[in-house]
Amino acid sequence: MAYEEISLDKTTVIKDAILKAPSNKKKIIIATSVILLIAVAGGLTGYFVSKSNSSSSSSSNASNPSNSSPTTTQTGPTGKKKLIGYWGQNAADNQLDIVKGYGGRALNAALDQKSLDYYCNLKYYDTINLSFLTEFGGGDNHFTINFANLGVYKWDGKTSDNDNLKSVGASIKTCQALGIKVLISLGGDKVSNYSFAVGDGKKYADLFYNAFLGGNTDPTAPKPFGADVILDGIELDIEKNPTDVVPAIPNANPTGWTSEMVIFVQTLKQLKPTTLLAGNYFCLHPPYIILNTYPNQIAVPQCSLAVPGYLGKDRNMGDLLAQTPSSFDYIIVQYYNNIECTYPFGFNYNKWKTLYPGQIYLGLPGGWLSAISGGFLEPNSLQAVYDMVKADSQFAGVSVYDVSSSNPPGLDADAVNYANPPESKYSETLYKLVQVQTVGSGMPASSVALVETDFAYRCGGTWVYANATCSNKACYPYQSVTGCGATEQCFRFVAKC
């Protein structure tokens, strides 16, 4: 299947150096239908940079970010953009191993995420999304907030089991005092127990308005972060739809899921017109939506628009965005873990512009350890993508998942240095980028679509390792049994050997 939007110039010679690898694995191949320089050990040379120009070393002459707050910068087609950070899931200590995959790396408390105010005091971020409120729906007003090592809060619809998040509330106020907006993100994955049963749209809009957004219509509503803490908004990061949860969740309302989301969005806007509404969308799979409580609203879809049965829209929230586009202040399109719509395979920013007329953020991972299925942009690739969109009037900035994996002590691991990786400074790199500082040499833009059959399928613990290691087993991802190991996956769009 061909994927559109970002084509590579047929005379492309990658300016980035090939990733260093054992000499017996380094090899160059020219793809047949698209002239594309490929380093087998280093992956696509158009996609990678050497670690000598890594995410931790770009723009060394840039100004100290602590001297200015990103929230005071001017934005526009040629001006500075904004940076959104996700906090709460402790991605730096997610047990993902570059070679072995999930569960291949032992938990390490030294890598654990720090308090929210620590990251706000870096002054890189304009907005922080608290991730995630992982459970809700089913008609009883229950919900769960899970911040990994820093606390879990459960509301059963009547009472709470703890006050674990009051310290987070103090950090929220610190961040807001610095001019940083703070949202809470709903959903966050395909496996958590959330749904939209009949009546949930209005019930949860009322509940979250009172619990998070300063509402006073229900004095019995919980205040997880403290009575005096008012968030700036809510992000809807819905990464599944009724076909994924029914019949596992009997009240999931398969015929009314989208209508309940519409009611949820519209009710929040009625209760608090200044609520920001955001949507988070997969470039490959459907988007997820973000709701905020400021003058703007936001959505974050995943980039893919090629899912069978959902062509041309996000699988999970595409209909919601189509029915309520004016409700959103911006969307974040997730350009990772969706390999066919990421750079350089099929970067489809221009297609998303036809689906949404407002501001668009590019959703990026904090490193390869946050992008098991690919999509991390080393500085040269990052600069290339930024150069493609920076002058577009709809381009608003970038987001990073998450702040723990993209700042020390988070690790900047890749297919070469995984045994002893340096600390990550990727958030600093992104901050410099949106401040209109050069972070890499850039690479040629695309001009022809890439075709999946020009690449290989190979097992691996992560996409970056499968791409870099010819000795890994070949596989076919569309079979029920791929033949890969227990902690491996069958990855697409990897370099042919």
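**Pro365 and its surroundings**

Author: Leaving out residues up to four places away in sequence, Pro365 touches Tyr336, Ser370, Ala371, Gly375, Phe376, Val400, Tyr401 and Tyr426; contact means heavy atoms within 4.5 Å. The model is predicted, so local features need pLDDT of at least 70 and side-chain atom pairs pLDDT 80 or more, while totals for chains, interfaces and linings use all residues. Numbering starts from 1 along each chain as its sequence is written, and side-chain values use heavy atoms, without hydrogens or water.

Pro365 sits in strand E18. Helices (H or I, at least four residues) and strands (E, at least two) are DSSP runs numbered from the N terminus. Pro365 counts as buried because its relative accessibility is 1%; buried means under 20% relative accessible area, exposed over 50%, and partly exposed in between, with a 1.4 Å probe and protein chains only. Tyr86 is 279 residues away from Pro365 along the chain, yet their C-alpha atoms are separated by 10.0 Å.

Helix H9 (residues 426-434) is largely enclosed by the rest of the structure, because eight of its nine residues are buried. Just after H9, Val436 has a positive phi of about 65°.

Ser381 is buried, because its relative accessibility is 0%. Its C-alpha atom is 6.6 Å from that of Met443, which lies 62 residues away along the chain.

A cavity is a set of points, on a 1 Å grid over the protein atoms alone, where a 1.4 Å probe fits but cannot get out, and lining residues have an atom within 4 Å of a point. The largest cavity holds about 50 Å³ of space; the volume is the space filled by probe spheres set on points joined across faces, edges and corners. Two cavities of 30 Å³ or more are found in the whole structure.

The nonpolar cores come next. A nonpolar core is a set of buried Ala, Val, Leu, Ile, Met, Phe, Trp, Tyr and Cys residues joined through side-chain atoms within 4.5 Å. The largest has 98 residues, and Leu130, Phe143, Ile145, Phe208, Phe212, Phe225 and Leu231 have the most contacts inside it. Helix H3 (residues 200-212) gives the largest share of this core, seven residues. A second, separate core of 13 residues includes Ile84, Phe132, Tyr330 and Ala371.

Of the 497 residues, 60% are buried. Of the contacts between residues at least 6 apart in sequence, 72% join residues at least 24 apart.

Technical notes
1 Å grid on protein atoms, 1.4 Å probe; cavity = no way out; pocket = protein on both sides within 12 Å on 5 of 7 lines; lining within 4 Å.
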